[in-house]
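Colleague: I'm new to this structure and would like to learn how to read it. Could we go through it feature by feature?

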Amino acid sequence: MSIQKLSVRAVSSTSNVDFKLNEDNIPVEDYRQLAQNFDWQDLILSIYHKSIQHRDNPTLTILDVACGTGRWLQTFQHYIQLKLPSSEPIQISYNLLDYSENALLKASQKINYPLELGSQYVSKIQETELAIDFYNLIWSMHGFYAIPRFDLIPILTKLLTSLNEEGTCFIAQANRESFYINFYDRYLQLFHNGQGKIFTSAEDIIEALAALGIDYQVHVIRYDECIAVNDIEALEHYIFYEATINSFSKEDSLKVQSSIVNVTLEDLLNHQEMGEYLNSLIQDSVYHFPEEIWLISFIKKNQQSSHQKINKSNKSITNNTNNPLLLNGRDMVRLVETALQFIIPCQENAESFPLNGSGFKWLHLSEINSEVDSAIQLAQSVVEGLPEEGNSNFEALLHNLFERLAPCSINTNSGGYLGFIPSGGLFHSALADFIALSLNRYVPIFMAAPGLAAIEAQTVRWLCDIIGLPLEAGGTITSGGSVATLTAIHTARSSKISNHAPEKLLKATAYVSEQAHYCLEQGFVICGFPQQNIRKIPVDGNFQMRLDILEDTIKQDTLEGFHPFFVSATAGTTNTGAVDNLWKIEKLARKYSLWFHVDASYGGFFRVTKRGASILKGIEQADSVVIDPHKSLFLPYGTGALLVKDRNKLKIAFDFTGSYLPSQRDVEIPLIDDMMHLSPELTREFRGLRIWLPLKMLGMKVFREQLEQKLDLAQWVTEHLLQIPNIRIVARPQLSVLAFKLDPSGYNLDPKLLDLVNREFLDAINQPGNILLSPFRGSHNRDGEFCIRMAILSFRTTLNHLKQAIVDIHNAARDVLEKLEITLT
């Protein structure tokens with residue numbers, strides 16, 4: 001465990017409101033505080049006395065990391081008059097390190113006796129090779145701000161290694177509440193959507209030291225930088241130079257400088273949030289910018305035992321330094337922190353990423369166009385031969401992924417994404433996958449990981465409870481609805497059709513809505529049923545399966561010698577969100593001894609709401625239900641589930657094993673089955689954690705409230721669409737999906753032209769990039785059926801997104817109608 005001794009010294013605000021600059025026009029208040037509020041004389045004498053015990057004619061070696069132009073060096077020599085013993089010769093070698101050769105030159109010119117110029121390193125600390133066990137004193141005063149957090153652990157390790165046995169390292173850094181860092185964080189958030197390089201704080205350094213198990217001390221120095229409100233020149237210099245540009249490398253400084261060139265001090269003061277923050281710092285016509293500097297120190301001595309422990313505990317890693325597949329803890333932290341630098345902006349600023357992807361027209365145009373050409377060029381840029389040697393620059397690899405490839409895609413995490421069926425991409429679930437894959441346990445066989453297998457079984461039980469299935473129900477978590485549907489069809493076939501009667505398979509018939517998802521038809525064909533035996537039942541004006549035609553078709557098939565065995569109802573169709581009459585379909589299924597399946601991939605979780613439970617009445621009687629947590633539970637893509645009323649039927653359907661596998665029959669475990677006997681998958685990841693963890697952390701109440709909100713938003717947007725001239729609602733929302741079209745009165749458009757108008761309408765809605773809607777095509781692919789659909793499902797979608805949607809739809813309708821009128825005249 002790290003030992004932290006916190007010494008706090010409160011420093012009163014300077015009484016002089018004039019902004020003090022040295023001859024290099026650089027503020028020195030922070031360095032003056034560092035020089036005067038720590039006993040540097042005693043420290044250096046202590047190091048000196050330790051040195052003479054080990055060496056004749058000792059030389060003290062000091063390394064100044066990120067020395068800049070020597071501001072700290074100059075301030076140190078001005079305020080600290082080192083009194084060294086005159087009877088004994090001593091040399092203090094002062095080494096400089098900075099990426100700028102010009103900075104090193106300026107710093108070297110400020111070195112005075114008893115300090116003497118030593119080595120100079122023209123590089124960044126990340127790239128510098130330092131001597132081992134060499135330095136008595138290493139310090140970096142305000143030099144770590146621009147160092148990425150993921151570089152801290154290797155840098156601190158390098159500094160520790162470079163200290164000699166009596167050496168000490170000092171790092172002075174502002175904490176996150178200091179104006180120096182606080183202002184820039186606010187600036188990025190308010191003026192750049194949180195994008196841009198961020199300052200590393202004292203807290204980040206402490207966290208890295210703790211991760212390394214390095215003991216440290218912290219000396220806290222507090223003061224106010226005071227500038228009169230009418231000293232505009234000083235304010236602009238302090239805010240725009242010191243609190244933004246100064247701590248970045250030359251090329252980064254230019255980028256930062258260009259990002260603020262159009263933002264003036266007046267802009268900052270007039271901005272509501274930033275202005276309130278800056279005005280809160282005024283006392284008696286003076287800005288009091290609060291600064292808190294943490295002088296963090298650690299030594300080489302006493303680290304040896306903990307360092308040896310690390311080597312001992314990682315003995316296998318130490319002895320396999322030539323195996324790049326083996327990572328130590330520090331390397332893992334570095335990789336994860338590097339990845340988080342890219343992941344966090346995607347999560348925190350989902351709205352700032354492109355919504356319409358590589359082009360808004362690709363949604364329904366089949367011909368090659370510029371958007372498709374761009375997409376192909378991007379894809380071709382990824383093509384390469386199998387790499388023989390690896391690329392150790394992880395950050396560069398991620399930069400290519402996040403900054404070049406990912407932006408050319410539909411931003412499905414945006415609250416404005418209202419196309420198809422949105423997936424929320426809940427971070428809790430993504431984190432669960434990281435944990436599950438890192439554990440890498442084998443969960444398909446219970447005894448291989450009983451605790452983790454029990455988590456998956458409990459998760460399935462929760463899903464059964466949500467649907468209202470009995471205690472004997474069970475299921476399996478899949479990669480999505482299509483695999484879950486295929487598993488359901490095989491289970492129904494196993495239950496209803498004997499494997500010893502292949503002729504019965506050829507005469508078996510299944511009944512689905514003409515609005516059903518295509519994966520049902522695909523699943524039947526994969527399971528060996530003739531495609532012509534799939535009966536697609538027409539729908540009524542509400543896009544619900546017509547029960548009269550369903551029953552007539554079952555009767556007719558029976559008379560003609562077919563074997564009706566399966567009927568699928570839909571609890572929320574993809575096209576319109578329609579929910580079939582589940583209760584009545586269940587009655588027909590029982591009447592004719594059919595397997596009753598419900599595709600609730602989209603709508604199933606709405607059953608946790610009062611309105612949803614009423615609409616989905618009858619789903620609890622289903623023999624099998626497909627439900628997708630990556631839809632209405634807001635999880636990332638790749639999470640579906642099949643639930644079966646009688647889990648024994650799943651076990652019978654997948655009762656296969658190998659001589660190399662243990663048999664569950666050898667150990668009877670009530671209520672928990674080997675997952676390998678519940679689906680066609682044997683080896684797979686610990687998939688249940690991605691559902692279990694967010695439910696445990698957040699509770700079902702949070703999800704219920706979000707789904708209630710989506711039902712309300714769907715009704716709200718429908719009523720406001722009706723207020724736009726020439727908009728016709730084709731499918732009112734039964735849950736949270738609706739469909740509409742532009743149907744201009746007085747034009748008497750033929751069906752083909754009406755479709756063309758609505759394609760243009762869809763493009764015009766999507767083009768601004770605020771929202772994204774998708775097309776709805778009728779089941780019969782007839783002219784005049786083209787509509788536009790809106791799916792309100794993401795937990796990020798709010799009323800503000802839908803207000804913007806109404807504005808964009810209204811503007812698009814106006815523009816398309818104006819163009820149509822010009823064309824017709």
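Colleague: Let's start with threonine 478: leaving aside neighbours within four places in sequence, which residues is threonine 478 in contact with?

Modeller: Contact here means heavy atoms within 4.5 Å. By that rule, and setting aside neighbours within four places in sequence, threonine 478 touches Val483, Ala484, Gly638, Thr639, Gly640, Ala641 and Arg687. Take glycine 640: it is 162 residues from threonine 478 in sequence, yet the two are 4.8 Å apart in space, C-alpha to C-alpha.

Colleague: What sort of model is this, and how are residues numbered?

Modeller: It's a predicted model, where local features need pLDDT of at least 70 and side-chain atom pairs count only at pLDDT 80 or more, while totals for chains, interfaces and linings use all residues. Residues are numbered from 1 along each chain as its sequence is written, and side-chain values use heavy atoms, with hydrogens and water left out.

Colleague: Is threonine 478 buried or exposed?

Modeller: Buried means under 20% relative accessible area, exposed means over 50%, and partly exposed is in between (1.4 Å probe, protein chains only). Threonine 478 has 1% relative accessibility, so it counts as buried. It sits in strand 10 (residues 474-478). Of the protein's 825 residues, 50% count as buried.

Colleague: How many helices and strands are there?

Modeller: The protein has 30 helices and 20 strands. Helices (H or I, at least four residues) and strands (E, at least two) are DSSP runs, numbered from the N terminus.

Colleague: Which residues of helix 1 are buried?

Modeller: Glu29, Asp30, Tyr31, Gln33, Leu34 and Ala35 are. Because 6 of the 8 residues of helix 1 (residues 29-36) are buried, the helix is largely enclosed by the rest of the structure. Strand 3 (residues 91-98) is mostly covered too, with 7 of its 8 residues buried.

Colleague: And which strands pair with strand 3?

Modeller: The general idea is that strands of a sheet pair through backbone hydrogen bonds, either parallel or antiparallel. Two strands count as paired if DSSP finds at least two bridges between them. Strand 2 (residues 59-65) pairs with strand 3 in the parallel sense over 7 bridges, and 6 bridges join strand 3 to strand 4 (residues 115-122), again running parallel. Follow serine 93 in strand 3: threonine 61 stands opposite it, and serine 93 also stands opposite glutamate 116 in strand 4.

Colleague: What is the peptide bond from tyrosine 113 to proline 114 like?

Modeller: That bond is cis, with omega near 10°. Proline 114 lies in the loop between helix 4 (101-108) and strand 4.

Colleague: How do I read an antiparallel sheet, and in what order do its strands come?

Modeller: Look at 4 strands forming an open sheet in the order 17-18-20-19, with antiparallel pairing. Strand 17 (727-731) and strand 19 (774-776) are at the edges with a single partner strand each, so one side of each has no neighbour in the sheet. On average, neighbouring strands here are turned by 40° against each other, direction ignored. Strand 19 pairs with strand 20 (residues 787-791) over 3 bridges, in the antiparallel sense, and phenylalanine 776 stands opposite cysteine 787 in strand 20.

Colleague: Which helices lie on that sheet?

Modeller: Helix 30 (residues 799-824) packs on the sheet, touching strand 17, strand 18 and strand 20, and its direction makes about 20° with that of strand 18. Helix 28 (residues 700-721) lies across strand 17, strand 18 (737-742) and strand 20, at about 10° to strand 18. For these angles, axes are lines fitted to C-alpha atoms, for helices over the stretch in contact, and angles run from 0 to 180 degrees between N-to-C directions.

Colleague: What is phi of asparagine 726?

Modeller: Phi is near 70°, a positive value in a residue other than glycine. Asparagine 726 is in the loop between helix 28 and strand 17, and is partly exposed, with a relative accessible area of 24%.

Colleague: Where is serine 285?

Modeller: Serine 285 lies in the loop between strand 8 (282-283) and strand 9 (286-299). Its phi is near 65°, another positive value in a residue other than glycine.
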